[in-house]
Structures are given as structure tokens and as C-alpha cells.
Amino acid sequence: MSSHGNDNEARSEPPGPAATTPRPPDADTARGPGDAPPGAADTARVVAVRRFAAAARSWRGLQVTGCAVLLAVALSAGAVAVGGAREGAGAVPGGAPAGRPGAVRDAGPDVGIPALEARLRAQPRDFEGWAALGLAHVELARTDGDPSRYPRAERALKRSLELRPGNDRALSGRAALAAARHDFATALAYADRALAANPYDERALCSRVDALVELGRYDDAARAADTADTRRPGVPVFTRYAYVRELRGETDTARKVLERALAVASSPADVAYVATQLGHLARRQGDQPAALRHYARALAADDAYLPALEGRARARAASGDRDGAAGDLERVVARAPLPGPLVALGELYEVRGQPARAREQYALVDAWTALARAGGVEADLDTALAAADHGDRKAALRAARAEWDRRRTVHTADAVAWALHVNGLDREALPYARRAVATGYRDASFLYHLGVIERAVGRHGDARRHLSAALGLDPGFSPLGAREARRALKELEGAR
């Protein structure tokens, strides 16, 4: 069993996942002026995902590609209805509410997509406006889990580059888009091009760190974080700097940097973002009371901030409050049905004796994966983690190996190891499991996976040590995984 968190909850995410990469604080801000109420978009999106999942379960033999197209159409239609750009050759839809005039060079998703569209109807050759619109779609997709926004983002950014070739805002937007689609080699290339045009472009500096982290080039990422800190110190850079240090096992340094970032955070969005990162760090180290305090501060700044709500759910589950955790996760997936919280909620339902509700969550992961792929997202890591425990094990191994071919991170090594294990290939899995912990990054699920694999190959002493370490670091790292770790330890002790 796996925690599936990747600590960019709701990637998070990754996360992203994005997934495993920290995001700038504007990545999860609220919709801006002129947008439809969040409930309208969220309800339409979740209903579409749930209907798709139900259909996929009942339509035997339905082709995955066809499913993805149907789901993408359903979600895209919902997005149009609530204010997203219509599909088609970069056109801006009519009828959007007029936005306030003014500079858009530093516009983010808080400006509001309809406001940007209104400006572009009046000034269709505003290359910075097109770049801002593209980036707004990228950031909202990260927030609401709707990858159908990515093609619209791509068209807007392409239009910006047609109007002003080589402008750093569009290039850094293309880097952010590529990263959101998990194409980190392309993200790095665009970030480098943006920095060649403007060495102080904050988003490009941050995207460069993100891409290097996700490619597993941790030493290069550390140097890139140092450069970013020298050129553009601030909350987005500080949080990335901290994460790079955590990946290298320097958790005290990571915590101090995040505390520094929180001290300079001036907006509710910044406070929510940094406090959540501090919560994630504390939770990964097994300090659930501290994690809950940090999440409480984040939610006091923004009570709708989904990564903080998901983090609180995981900390509550680790503290034994399964009902509170389930309630938080239900709120999260009602807004953003992403793989991490869906699997976590499914596992909570399993340990609470609600297998039918658990299966529904796992089916929704498949639905999201189909949508993500239709939007150009490389979703193999998400697929591997979920399928290894709750789906097609052979598909999990194919997905994990495909992801390993693209990027060799600690998270990918762990996914390959676990996929090999569930397919009975433990001797092949062991080197990957060891590689996942080799940098010093401390993750209880990694230690659990390593311990289980060591037990399978007969290294019982090492297995006891790593299973104990997993439970000591975070006794609630996964509702099912922690239970299995305790059971395995008991059996190992009994066999001594």
C-alpha cells in the first residue's frame, strides 16, 4: 500500500503534480473578477468525472482513447459554460464581462480569465495579455484538476509568441505549461530560453528549479535554487529552495527557510501557501501536532485552500481522527478530484469498512487519468502509484517504467520498486527501493516499501529496521500501508 500523497496535495500537486514540486503561491489563488462562482465550475466538473467513471465501469470493452475524448468533451463544455475560453484558433469568446484596464505584465490567475479575455477583445495584439491568459489557464488547471484547460493555455501562449517572438513571459508560461503536463525536459528548455531573454524572470527561475527537481538532477536543482535566491529572493524561490534541501535530507534547513518565507509573506495567499508547506514538512517528519498547527494557520488565511485542507486530512488520519480526515478529503475531492486525495479517501473508506465507496474513488482516479492524457499530461506516475495497489498491476509496472525512462527521481524510483514488488519481482525491485531513500529524503511510504521488499527477499533484519523507521517517522502515513506495516513487523518479530 502506498500513501500516494507526493505532498503536493490537491500535487499537489504533485505536486502536480503536479504532482512532487512546490508551486508558487499564486498557483492556488481564488478565481478573479467576473468568473463564475467556484461552485458552478466545480460541480459541473465533478459531476462529469463521476458520470464518466460510472459509465467506464459499465461499458465493457470501451476503448480508453474514446473514453478520454468523451470525458474531455464533457469537461471542456462545462468549462465553457462557466467562463473558460471557447475552443478554436485562439479566439476570445464574446460576452465575457469587461475587466478593468491596466497593465497585465504581472497578471496571474487572480486577475480573472474573463477580465483578461475582455482586455484582449479590445487589444488583440497585446502579447503580454495573451501570455497572462495562457498562464492563468495553467494555474487554474493546477488548482481545479481540469487538464482540459491546457490546450487553451497552449494556444494563448503561442499567440503571444507570434505577436512578440522570444518574449520571456510567454516562454516562462510555456515552461510552466510543460511542467504541468509533466514534460520536464521541455519545461527546462523553455525556462532556459526565458532566462536568456530576461535573467531575472521569477517564474522562469522557479520553473527551472522545478524541472531539474523533477528530472532527478538534484545537485543542478540546488545550484539553480541558489541562483534564483540571489536574483529574485521571495516566497516562490524560498519554498523551492527549502524543498531542494529537504530532498537532500536537510530538513532543519528546509524548515528554517520556510519559516523565513512565512515571516515575509504579506498576502493571505502567500501565508496559506507557505504555512501549508511547513505543515507538509512537519507531517512528513511525523510531527502531527505541529503539522495541524501549520494547516490551521493556512486555513485561517484562506479557508478554501485545498492543499491545506488535504494536508490537514492526512495529519488527522495519522493522529487517529479518521472521521475528520474523511470529511476533509470529501471536501477536497468535491472541488478537485485528483488522484492523491481520491486514493487517500478510498483507503480511508476501506479501513472504515466501506469497500463500495472505496471502489468509487479508485474508479475516479482512472477517469482523471484518461482526462489528463487527453489534455497532454504524462500521467504515468499517478497511474503507477494508484494501479499498483488498487488496479491493474501489470499496467502499473508499464506506467512506472515509462516514467522512469523520462525522469529518474526518488518518487519515480519508489514507484518502480513498488510496481515491481506487486508483480512478484522483488529482487529487481530492491535496487530501486534503495535508490528512493539514497538522497536522504525521508518519506515513510518509501521506507515502508523498502521494508516490504527486503522482507520478500529474505533480508529480515533490514526489513524490521525500515518498517520500524516508517512507523516511527509517521505512524499514519497511509491508512492501509501503516496497518500492513504493523502486521508485517509483528510477523517478523514472531519469526525471530
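Colleague: What does Tyr 432 count as, going by relative accessibility?
Modeller: Tyr 432 counts as partly exposed, because its relative accessibility is 22%; buried means under 20% relative accessible area, exposed means over 50%, and partly exposed is what lies in between, with a 1.4 Å probe and protein chains only. Please keep in mind that this is a predicted model, in which local features need pLDDT of at least 70 and side-chain atom pairs count only at pLDDT 80 or more, whereas totals for chains, interfaces and linings use all residues. Residues are numbered from 1 along each chain as its sequence is written, and side-chain values use heavy atoms, with hydrogens and water left out.

Colleague: And Trp 404, what does that count as?
Modeller: Trp 404 counts as buried, because its relative accessibility is 7%.

Colleague: How many aromatic pairs are there?
Modeller: The count comes to four aromatic pairs, where rings of Phe, Tyr and Trp (its six-membered ring) pair if their centres lie within 6.5 Å, and planes under 30 degrees apart count as stacked, over 60 as edge-to-face and the rest as tilted.

Colleague: Which helices hold Trp 404 and Tyr 432?
Modeller: Trp 404 belongs to helix H19 (residues 393-406) and Tyr 432 to helix H21 (residues 426-437), and the pair links distant parts of the chain, 28 residues apart. Helices (H or I, at least four residues) and strands (E, at least two) are DSSP runs, numbered from the N terminus.

Colleague: What about Tyr 448 and Phe 477, how do they pair?
Modeller: Tyr 448 and Phe 477 form a tilted pair, with 5.4 Å from centre to centre and 45° between the planes. That pair also links distant parts of the chain, 29 residues apart, since Tyr 448 sits in helix H22 (residues 444-456) and Phe 477 in the loop between helix H23 (460-473) and helix H24 (479-494). Both Tyr 448 and Phe 477 are buried, and ring pairs link Tyr 448, Phe 477 and Trp 418 into a cluster.

Colleague: Changing topic, how many salt bridges?
Modeller: There are 33 salt bridges, a salt bridge being a side-chain nitrogen of Lys or Arg within 4 Å of a carboxyl oxygen of Asp or Glu. In one of them, the side chains of Arg 169 and Asp 201 meet at 3.9 Å, N to O. Arg 169 lies in helix H6 (residues 168-180) and Asp 201 in the loop between helix H7 (184-197) and helix H8 (202-214), so the pair ties together parts that are 32 residues apart in sequence. Arg 169 counts as partly exposed at 24% relative accessibility, while Asp 201 counts as buried at 3%.

Colleague: And what does Arg 240 bridge to?
Modeller: Arg 240 forms a salt bridge with Asp 210, and their closest N and O atoms are 2.8 Å apart. Because Arg 240 lies in helix H10 (residues 235-247) and Asp 210 in helix H8, the pair ties together parts that are 30 residues apart in sequence. Arg 240 is buried, with a relative accessible area of 4%, and Asp 210 counts as buried at 8% relative accessibility.

Colleague: Which residues are linked in a network of salt bridges?
Modeller: The network links Asp 219, Asp 226, Arg 245, Arg 248 and Glu 250. Arg 245 also lies over the face of Tyr 241, at 4.2 Å from the ring centre; a charge sits over a ring if NZ of Lys or CZ of Arg is within 6 Å of the ring centre and within 35 degrees of the ring normal.

Colleague: Now the core: how many residues has the largest nonpolar one?
Modeller: The largest nonpolar core has 116 residues, and those with the most contacts inside it are Val 213, Leu 247, Val 274, Tyr 448, Leu 467 and Phe 477; a nonpolar core is a set of buried Ala, Val, Leu, Ile, Met, Phe, Trp, Tyr and Cys residues joined through side-chain atoms within 4.5 Å. Apart from that core lies another of 19 residues, among them Leu 329, Val 343, Tyr 349 and Ala 358.

Colleague: What share of the protein chain is buried, then?
Modeller: Buried residues make up 61% of the 496 residues in the protein chain, which has 24 helices and zero strands.
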